[in-house]
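Thanks for coming, everyone. I will keep this short. Please have a look at the model first.

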Amino acid sequence: MADPPTPGSEPMQPMTPRPAWTRESTVLRLPGGAVSLDDLSPEWAWGGATGRGMRVAIIDSGIEASHPDLEGCVDEDAGVVVALGDDGEPFVTQQPHGDLFGHGTACAGIIHRLAPEARITSVQVLGEGLSGKATVFLTGLAWAIEQGYDVINLSLGTTRRDWALPFYELCDQAYFRGSFLVTAANNMMRPSFPSLYASVTSVACNLSKDPFHFHYNPEPPTEFLAPGIDVEVSWREGTRQSATGNSYAAPSLAGIATLIRSKHPDLRPFQLKTVLWATASNVREASTAAGRLTSALSATRATAMGGRATSALRAVGRINM
Amino acid sequence: MNVVLQSIVTSAGSVAGATQGWVLAPRPDGLEVVAAVGAGELIGRPVPTEGSTAAYVLAAGQPVAMVPRPDDPATGAGVASLLGLRPGSVLCVPCVHDDEVLGVLELVDKVGGGPFSFDDVELVTVLAGIAGAALQAGGDDVAVPTPDHLATDLRRLAGADPTTYATVARAVEALLARG
């Protein structure tokens with residue numbers, strides 16, 4: 001009969017799991033069938049999708065959940081308000097709330113039109129008098145990532161470089177946790193965070209009216225162009241209005257991303273971005289994968305050369321439809 | 001009056017074809033008009049922020065161009081509330097310099113009707129960048145005070161040093177009363 005084990009005599013266990021890159025290749029096999037680049041058509045990507053099962057967070061001025069255009073798609077009870085406490089520290093309160101301006105409702109309306117069965121949550125990061133602080137934006141974004149939202153739309157940003165690193169770390173966290181983060185590009189060639197980071201998908205305007213007619217831009221940090229000019233948007237107090245800006249292009253692409261993800265929920269953020277690339281109008285019009293890369297690049301550069309380089313948008317080239 | 005900001009807002013209004021426009025700078029209790037075209041009487045006036053496009057742009061750092069519905073309560077917010085105006089079109093862009101949003105440049109009512117175009121957004125954004133530099137230089141501090149502010153300051157000085165300022169204060173108030 002063996003002696004009972006004495007404390008400290010057990011076989012040594014690894015302190016931490018082995019890192020992913022040492023795993024057996026069998027555990028890295030992907031679910032489902034193989035997909036080639038040529039399979040990545042709009043039909044494959046979002047055909048028949050409605051956004052069902054997707055949770056989308058909109059970090060903005062709030063959302064007017066009762067707006068008729070939104071048809072009850074907003075999870076009012078899940079919504080949070082982020083504010084600054086008396087000690088200057090941000091805090092999060094889960095509570096139903098309205099829209100202080102109308103912009104968040106506009107973003108929600110754009111996403112709902114595209115992905116009608118997705119559930120939308122408001123993360124209100126603007127305070128009374130529409131005051132905004134980078135630390136409040138950051139806290140709102142951190143909350144949405146922590147909650148594991150599938151798609152997060154952030155049409156706001158900060159130009160403050162001292163907030164660059166916190167936003168960088170948070171966006172990387174979103175990327176690895178699987179939240180797809182869509183941001184509006186800055187109109188000017190100046191830093192705006194987090195729209196500059198590779199872990200997010202930054203969007204500016206094209207001239208199309210069709211949200212499914214979005215474009216890949218081969219000159220980052222703005223990687224996609226989507227409709228954002230004279231867009232009919234839902235607004236505060238049950239109204240609608242016509243609006244223009246990159247901040248309306250972002251939810252348009254977020255809506256497409258929501259559709260794709262609802263049909264292919266296992267896609268990682270970089271794979272989702274690849275599907276967006278493959279289904280972009282200017283990429284689909286090219287005949288081969290290599291050709292698509294080359295011709296999309298050439299077409300966009302040609303447009304850029306012909307335009308006035310007054311902004312980031314012009315510098316990367318707007319594509320006329 | 002800050003001539004640089006005044007020139008910028010005049011140029012912006014001209015290139016974008018706006019009827020009126022202003023530059024607003026943040027103050028501890030809201031916003032203040034620091035330059036204006038077509039509404040010069042507003043310079044130095046505090047601006048209510050609730051629901052206003054200018055306050056949103058200041059916070060979000062993103063330009064906004066829109067054609068508000070006349071029945072939208074927000075249409076008459078901000079500077080429009082001081083003028084009793086319900087603009088048919090609005091273009092508002094942030095004045096950024098050295099990583100900070102230091103104010104906003106807002107234009108209203110495109111001449112001939114219709115919305116401000118994306119070209120307008122881009123051109124005015126460039127001009128707003130110059131306004132940002134001017135705001136950072138502290139230029140808005142030299143804005144001419146309103147008559148009310150001037151009279152208040154003179155009364156305060158007259159109370160503190162009646163020998164020097166009382167006569168001046170009475171004379172200025174008499175002038176102000178005459179309009």
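How much space lies in the largest cavity? About 120 Å³. Before the details, some ground rules. This is a predicted model, where local features need pLDDT of at least 70, side-chain atom pairs count only at pLDDT 80 or more, and totals for chains, interfaces and linings use all residues. Residues are numbered from 1 along each chain as its sequence is written, chains are lettered from A and ligands numbered from 1 in the order in which they are written, and side-chain values use heavy atoms, with hydrogens and water left out.

We work on a 1 Å grid over the protein atoms alone. A cavity is a set of points where a 1.4 Å probe fits but cannot get out. A pocket is an open set with protein on both sides within 12 Å along at least five of seven lines. Lining residues have an atom within 4 Å of a point. Grid points are joined across faces, edges and corners, and a volume is the space filled by probe spheres set on the points.

Back to cavities. The structure has 6 of them at 30 Å³ or more. The largest cavity has 17 lining residues. Nearest its centre are B:Thr53, B:Ala74, B:Thr75, B:Ala77 and B:Val90. In chain B, α3 (79–83) and β6 each give at least two residues to that lining. Helices (H or I, at least four residues) and strands (E, at least two) are DSSP runs, numbered from the N terminus. By class, the cavity lining holds 11 nonpolar, 4 polar and 2 charged residues. Nonpolar here covers Ala, Val, Leu, Ile, Met, Phe, Trp, Tyr, Cys and Pro; charged covers Asp, Glu, Lys and Arg; the others, Gly among them, are polar.

Next, the largest pocket. Its space is about 590 Å³. Two or more lining residues come from each of α3 (134–146) of chain A and β1 (18–27), β2 (30–37), α2 (53–60) and β6 (100–110) of chain B. The largest share, 4 residues, is from α2(B). The classes are 12 nonpolar, 10 polar and 5 charged.

On to the interface. Which chain gives 45 residues to the contact, and which gives 33? Chain A gives 45, chain B 33. Contact means heavy atoms within 4.5 Å. About 3,100 Å² is buried between the two chains, with 53% from carbon and sulfur atoms. Buried area is the accessible area (1.4 Å probe) that two parts lose on being put together, summed over both. On the chain B side, B:Tyr56, B:Asp99 and B:Phe118 supply 24% of the area buried against chain A, more than any other three residues.

What about polar pairing? Between chain B and chain A there are 3 salt bridges. The rule: a side-chain nitrogen of Lys or Arg within 4 Å of a carboxyl oxygen of Asp or Glu. B:Glu100 forms a salt bridge with A:Arg160, closest N and O atoms 3.6 Å apart. On the chain B side, α4(B) gives the most residues to the face touching chain A, with 8. That face has 19 nonpolar, 7 polar and 7 charged residues.

Over all chains, the salt bridge count is 11. A:Asp75 and A:Arg119 form one, at 2.7 Å between the closest N and O atoms. A:Asp75 sits in the loop between β1 (55–60) and β2 (80–84) of chain A, and A:Arg119 in strand β4 (residues 119–124), 44 residues apart.

Last, some backbone points in chain A. A:Glu71 is in the loop between β1 and β2 of chain A. Its phi is near 50°, positive in a residue other than glycine. The peptide bond from A:Phe193 to A:Pro194 is cis, omega near 10°. A:Pro194 is in the loop between β6 (180–184) and β7 (201–206) of chain A. The bond from A:Pro220 to A:Pro221 is cis too, omega near 20°.
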